[in-house]
Amino acid sequence: MDYSDALPFLGSMDPTRFQNELTHFHHIIQTKAGPGRQGLGWLDFPVDYDRQESFELEEAAAKIRQESDVLLVIGIGGSFMGARAAIEMLTHSFNHDLPKEARKRGTPQIFFVGHHLDPTYMADLMDILQGKDFSINVISKSGGTLEPAIAFRMFRQLLEDKYGPQQAASRIYVTTDREIGTLKALAMQEGYKTFPIPRTIGGRYSVLTAVGLLPMAVSGIGIGEVLEGAATARSELKDPAIENNPAYQYAAIRNSLYRKGKTTELLVSYDPRLQSFAEWWKQLFGESEGKNLQGIFPVTALYTTDLHAIGQYIQQGRRMIFETTLKVEKPLRDLIITERVDDQDELNYLSGNTLGSVNDKAFQGTLRAHTEGGIPNLVIGIPKITPFSFGYLVYFFQLACVMSSYILGVNPFDQPGVEAYKNNMFRLLGKPE
């Protein structure tokens, strides 16, 4: 955690001034005594998770890999974003386009549906399934959320038409509440394999439960390594002192900047594999903090791509932005720029450099330009993209988000505003009371 390029913008709003609040809220978090305390089940889950359930999850993943060309993951919000983030971050950039035998552990293609209501997307996905064996993992705590419920109805019918109801049932995996809800009742009635979502873990905090772990396991990701990363973060981020806890540094710095008028946070990466992770982060902070007319507005960008889209605005637009960069220190693979005799493209001055080093210079140059242009910058260093680092990052941001929300004076675990659009939509659709 490097916030040296943010400190000059803080003046008297030094983040250490939050130490008393950090100490107070740290105690509240660790003792589960604060607002929304019933949503803190994720705090100890990386060490307290059910080992038997984890074994069954791995068994289910192996079965899906063996008998399916495609896994459909049906969910919305926290029910799909974390899994998608992990899969895009930790598998081959073009995993879907590789032949099955070239994919890690012969994994199936994984497609996500139920995260919007666009009919063309669903129809096109049905085209993809023609002639392929597929399974479904439907994820919803209640089963009542409209987008995934509609998608499940439609693709469940497709599955039953292809295999018949009995064989189709063996290809459906339900991640839902352990005891109640529409989806749980349906799963019990039809005999679907189920995995529980703990009641003490809300959707956007659930990626390290079966919600995210089953799709990860199907994709060949070592879920034990993911949980180990989160468990390590849990151990290392238990000190309330700001100088020893980077998660609390992050929470304090962003609240310091917020009070200096920096109301928009731009989460940046220079690696496209982190784009979906940034989208997961956006939901985490947007739904947790955006209440009572409070909250930092979370947006995301991929550099250098977006420097050719919004770079001008960042450099010379309104000064309400600060940037947080996820900086991968070592790319998984690298390429050397070779020399050409003709040098027609005038790039021989780069000969012998790796593409990773050029990307790093782009990061350094952008950081300097934006800081000098009036944009505070934070940098979170990631040594290397691994399942361990994914688990660590998830836990880091969840803890920082809860702390930041408490500092803002809001409950990080509810989302009453989300219900407004749902209620209006149901009324317009004529849903019975």
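# Exercises on cores, cavities and salt bridges

The side chains of D44 and R234 form a salt bridge, with 2.9 Å from N to O. The model is predicted; local features need pLDDT of at least 70, side-chain atom pairs count only at pLDDT 80 or more, and totals for chains, interfaces and linings use all residues. Residues are numbered from 1 along each chain as its sequence is written, and side-chain values use heavy atoms, with hydrogens and water left out.

## Exercise 1

**Solution.** Start with the term. A salt bridge is a side-chain nitrogen of Lys or Arg within 4 Å of a carboxyl oxygen of Asp or Glu. Next, locate the partners. Helices (H or I, at least four residues) and strands (E, at least two) are DSSP runs, numbered from the N terminus. Then check burial. Buried means under 20% relative accessible area, exposed over 50%, and partly exposed in between (1.4 Å probe, protein chains only).

## Exercise 2

Where do K193 and E56 lie, and how many residues separate them?

**Solution.** The side chains of K193 and E56 meet in a salt bridge at 3.0 Å, N to O. K193 is in strand β5 (residues 193-197), while E56 is in helix α3; they are 137 residues apart. Now the accessibility. K193 has a relative accessible area of 32%, so K193 is partly exposed. E56 has 27% and is partly exposed.

## Exercise 3

Which parts of the chain does the R199 and E179 pair tie together?

**Solution.** First, the distance: the side chains of R199 and E179 form a salt bridge at 3.4 Å, N to O. R199 lies in the loop between β5 and α9, and E179 in the loop between β4 (172-177) and α8 (182-190), so the pair ties together parts 20 residues apart in sequence. R199 counts as partly exposed because its relative accessibility is 49%. E179 counts as exposed because its relative accessibility is 58%. Finally, widen the view. Shared partners join K32, D44 and R234 into one salt-bridge network. The structure holds 17 salt bridges.

## Exercise 4

Describe the largest nonpolar core, then follow the contacts of W280.

**Solution.** A nonpolar core is a set of buried Ala, Val, Leu, Ile, Met, Phe, Trp, Tyr and Cys residues joined through side-chain atoms within 4.5 Å. The largest has 92 residues. W42, F277, W280, F390 and F397 have the most contacts inside it. Helix α15 (residues 387-408) gives the most to this core, with 15 residues. Now take W280. Contact means heavy atoms within 4.5 Å. Not counting residues up to four places away in sequence, W280 touches M81, G82, A85, R204, V207, V394, F397 and Q398. A second, separate core of 24 residues includes L72, L125, F134 and A168.

## Exercise 5

Which residues line the largest cavity, and which element gives the most to the lining?

**Solution.** Define the search. On a 1 Å grid over the protein atoms alone, a cavity is a set of points where a 1.4 Å probe fits but cannot get out; lining residues have an atom within 4 Å of a point. Grid points are joined across faces, edges and corners, and a volume is the space filled by probe spheres set on the points. Three cavities of 30 Å³ or more are found in the whole structure. The largest has a volume of about 80 Å³. Its lining is F45, Y49, D50, E53, S54, L57, A210, L213, I223 and L227. α3 (51-67), α9 (210-218) and α10 (223-236) each give two or more residues. α3 gives the most, with three.

## Exercise 6

Is L274 buried or exposed, and which residues does L274 touch?

**Solution.** L274 lies in the loop between β6 (264-269) and α12 (275-289). L274 counts as buried because its relative accessibility is 0%. Leaving out residues up to four places away in sequence, L274 touches M89, S269, L326, V328, I382 and I385. Take M89 from that list. L274 and M89 are 185 residues apart in sequence and 5.7 Å apart in space, C-alpha to C-alpha.

Methods
On a 1 Å grid over the protein atoms alone, a cavity is a set of points where a 1.4 Å probe fits but cannot get out, and a pocket is an open set with protein on both sides within 12 Å along at least five of seven lines; lining residues have an atom within 4 Å of a point.
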